[in-house]
Amino acid sequence: MRLLVTGGAGYIGSAVAAQLIEAGHEVTVLDDLSTGHADAVPPGASFVEGSITQAADILDRGFDGVLHFAARSLVGESVEKPGLYWENNLGGTLALLEAMRGAGVPRIVFSSTAATYGEPENTPILETDPTRPTNPYGASKLAVDTALTAFAGLHGLGAVSLRYFNVAGAYTAADGRVYGERHTVETHLIPNVLAVALGRRESVSVFGTDYPTPDGTCVRDYIHVADLARAHLLALESCAPGAHKIYNLGSGTGFSVQEVISVCREVTGHPIPTVVAERRAGDPAVLVASSERIQRELGWKAEHVDLRGIVTDAWAALPR
Ligand code: UFG
């Protein structure tokens, strides 16, 4: 297929673009490099530096689909600057959807998030559970999911939203290139813990030790980026005109912040000092996915379920 990958210079978008190219697809990456890196765009992809609001200049009838990653994705920033999130994540996506409609592009796979659920009532979380986002980031992603349902129903678009839980690790392509996480502003746990082992930080803050969990720290569902990327290829193949499907993507197993830090200590051989800090606003105690729906309907299952393997890949991929 001929495909547009928005945000294909970012961590997840570049890994998916690499897998698409390996599978024989023709890929154009559109990225404004606000958070991505030009050198993360896989060789073999065409690269256009620009905003998703310019998608109409790129898309034509020859395109078979869009994989849409370009977005603002920092929960804390979204609370400080909600307008930025509504404008980029919802406004930008609406412009992209109109550009797709104008050019007759039939399918889209969208990066949604566990943040659409907010504080869960049940564990593991099902796609049928209530969506009550607790921050503008999650709300803006949920609004796109809602728009996709409308575009599918009204205009015959084939759409899939993939709700990611905690993406981690790195993808090594067939040519040996490694697609890992390197955010300029890093908020995620595993890269922050590994930064201590690399000597770039003195210690890692543990945000809250008084949660109602076995060791008092938050529990999350870590999914390897290679597994996550593979789900996108299946989702793309499954897009059916007029249908919008939503799938959770996680491994189905939760690990606490303390457990993650212990595994990072084992993998790196570094003591990794910690400092107990206040809870981070808006962090649910436990976020674990049920990925049964995607397993049942698309035959996808996480293969990298060992946290040690995920951390080992993240550690090996860190720029030194
Ligand atoms: N944490 C720390 N110290 C750190 C960083 C994180 O203790 O330095 C804790 C957090 O408080 C949280 C856990 O580690 O309990 C995981 O935090 P991350 O920031 O790595 O991931 P989140 O679970 O907050 O975020 C993920 C996605 C978001 C999404 C969110 C939904 O990365 O895009 O889930 O809640 F919005």
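Two strands are taken as paired if DSSP finds at least two bridges between them. Helices (H or I, at least four residues) and strands (E, at least two) are DSSP runs, numbered from the N terminus. The structure is a predicted model, in which local features need pLDDT of at least 70 and side-chain atom pairs count only at pLDDT 80 or more, while totals for chains, interfaces and linings use all residues. Residues are numbered from 1 along each chain as its sequence is written, and side-chain values use heavy atoms, with hydrogens and water left out.

In the open sheet of three strands, the order is E14-E11-E16 and the pairing is mixed. The edges are formed by strand E14 (255-256) and strand E16 (286-287); each has a single partner strand, so one side of each is left without a neighbour in the sheet. Strand E11 (residues 219-220) pairs with E16 in the parallel sense over two bridges, and Arg220 has Leu287 in E16 as its bridge partner.

A further open sheet contains seven strands in the order E3-E2-E1-E4-E5-E6-E13, with parallel pairing. From one strand to the next, the twist averages 20 degrees; axes are lines fitted to C-alpha atoms, for helices over the stretch in contact, and angles run from 0 to 180 degrees between N-to-C directions. Four bridges join strand E2 (residues 26-31) to E3 in the parallel sense, and Leu30 stands opposite Val48 in E3. Helix H6 (residues 225-238) packs on this sheet, touching (heavy atoms within 4.5 Å) strand E1 (2-6), strand E4 (65-68), strand E5 (107-113), strand E6 (158-164) and E13. The direction of H6 makes about 160 degrees with that of E6.

Two loops carry particular backbone features. In the loop between E2 and E3 lies Leu33, whose phi is near 60 degrees, a positive value in a residue other than glycine. The loop between E5 and helix H4 (136-155) contains Pro124, which is joined to Thr123 by a cis peptide bond with omega of about -5 degrees.

Polar contacts, defined as pairs of N or O atoms within 3.5 Å, include one of 2.9 Å between a ligand oxygen atom and an N or O atom in the side chain of Asn166. The side chain of His188 likewise places an N or O atom 2.9 Å from an oxygen atom of the ligand, and a polar backbone atom of Leu189 is 2.8 Å from a ligand oxygen atom. Of the 680 Å² of accessible area (Shrake-Rupley method, 1.4 Å probe) that the ligand has on its own, the protein covers 91%.

Methods:
A polar contact is a pair of N or O atoms within 3.5 Å; within protein, one must be able to donate a hydrogen and the other to accept it, and residues adjacent in sequence count only if both atoms are side-chain atoms.
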